[in-house]
Amino acid sequence: MLRARDAMDRAYAEPLDIPALAAIAHVSEAHFIRTFRATFGETPHRYLQRRRVERSMFLLRSTELSVTEICFQVGFGSLGTFSRTFRDIVGESPSAHRARGPVPAVPNCFAMAWTRPSSFGEARPAEPN
């Protein structure tokens, strides 16, 4: 399971499917999905989406790339899916996240902890204006 998760962390922007990930873990597809979920608390698909959104959060606040460019760079196939998934995980649109400005200059481990979404589908409450 760790090999498959490491492969998702390394190649999150590439098209990854269950048969390929199950082969990396040396188990059947059904066993892979069940065991991955039991081990990491979410399905492989949700883990991969969250990983892609984490990377896009960083790119939105640290580059001038357009939202569309970031969407395709992190491995999403459509802007609509990217925007919906981003909002579900982060609790705000990609543009609203970008408007927060650059991540403050702090040690990388703190920045990652502060900006990492907690879990798929558990968006943080929106900040009052």
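This is a predicted model: local features need pLDDT of at least 70, side-chain atom pairs count only at pLDDT 80 or more; totals for chains, interfaces and linings use all residues.
## Helix α1 against helix α2

Helix α1 covers residues 2–10 and helix α2 covers residues 18–25. Their axes sit 7 Å apart, and the packing angle is about 130°. The two helices are therefore oblique to each other. As for handedness, the crossing of α1 past α2 is right-handed.

Who does the touching? On the α1 side, Arg 3, Ala 4, Ala 7 and Met 8 take part, and they meet Leu 21, Ile 24 and Ala 25 of α2. Sorted by type, the residues of this contact come out as 6 nonpolar and 1 charged, with no polar ones.

## Helix α3 against helix α4

Helix α3 runs over residues 29–40, and its axis comes within 9 Å of the α4 axis, with a crossing angle of roughly 60°. That angle makes α3 oblique to α4. From α3, the contact uses Phe 32, Ile 33, Phe 36 and Arg 37, while α4 brings in Pro 44, Arg 46 and Tyr 47. The tally for this contact of α3 with α4 is 5 nonpolar, 2 charged and no polar residues.

## The salt-bridge network

Side chains of opposite charge can pair when their charged atoms come close. In this model the count comes to 5 salt bridges. Asp 9, Glu 42, Arg 50, Arg 51 and Glu 54 are tied together in a network of them.

Take Arg 50 as a way in. Its side chain meets that of Glu 42 in a salt bridge, with 2.6 Å from N to O. Glu 42 and Arg 50 are both buried. Arg 50 also forms a salt bridge with Glu 54, where the closest N and O atoms are 2.9 Å apart. Helix α4 spans residues 44–62, and because Arg 50 and Glu 54 are 4 residues apart in it, about one helical turn separates them. Glu 54 is buried, as is Arg 50.

Glu 54 has another partner in Arg 51, with the closest N and O atoms of that salt bridge 3.8 Å apart. Arg 51 and Glu 54 are 3 residues apart in α4, again about one turn of the helix. How exposed are the two ends of this pair? Arg 51 is partly exposed because its relative accessible area is 21%, whereas Glu 54, at 15% relative accessibility, counts as buried. The cut-off for buried is under 20%, so the two values fall on either side of it.

## His 26 in its loop

Which residue other than glycine has a positive phi near 65°? That is His 26, and it is found in the loop between α2 and α3. His 26 counts as exposed because its relative accessibility is 59%.

Leu 79 is partly exposed, given a relative accessible area of 33%.

What does Leu 79 touch once its neighbours within four places in sequence are set aside? The contacts are Val 67, Thr 68 and Cys 71.

Methods
Residues are numbered from 1 along each chain as its sequence is written. Side-chain values use heavy atoms; hydrogens and water are left out. Axes are lines fitted to C-alpha atoms, for helices over the stretch in contact, and angles run from 0 to 180 degrees between N-to-C directions. Angles under 35 degrees count as roughly parallel, over 145 as roughly antiparallel, 65 to 115 as roughly perpendicular and the rest as oblique. A crossing is left-handed if the near helix is turned anticlockwise from the far one by less than a right angle, and right-handed if clockwise. Contact means heavy atoms within 4.5 Å. Ala, Val, Leu, Ile, Met, Phe, Trp, Tyr, Cys and Pro count as nonpolar, Asp, Glu, Lys and Arg as charged, and the others, Gly among them, as polar. A salt bridge is a side-chain nitrogen of Lys or Arg within 4 Å of a carboxyl oxygen of Asp or Glu. Buried means under 20% relative accessible area, exposed over 50%, partly exposed in between (1.4 Å probe, protein chains only).
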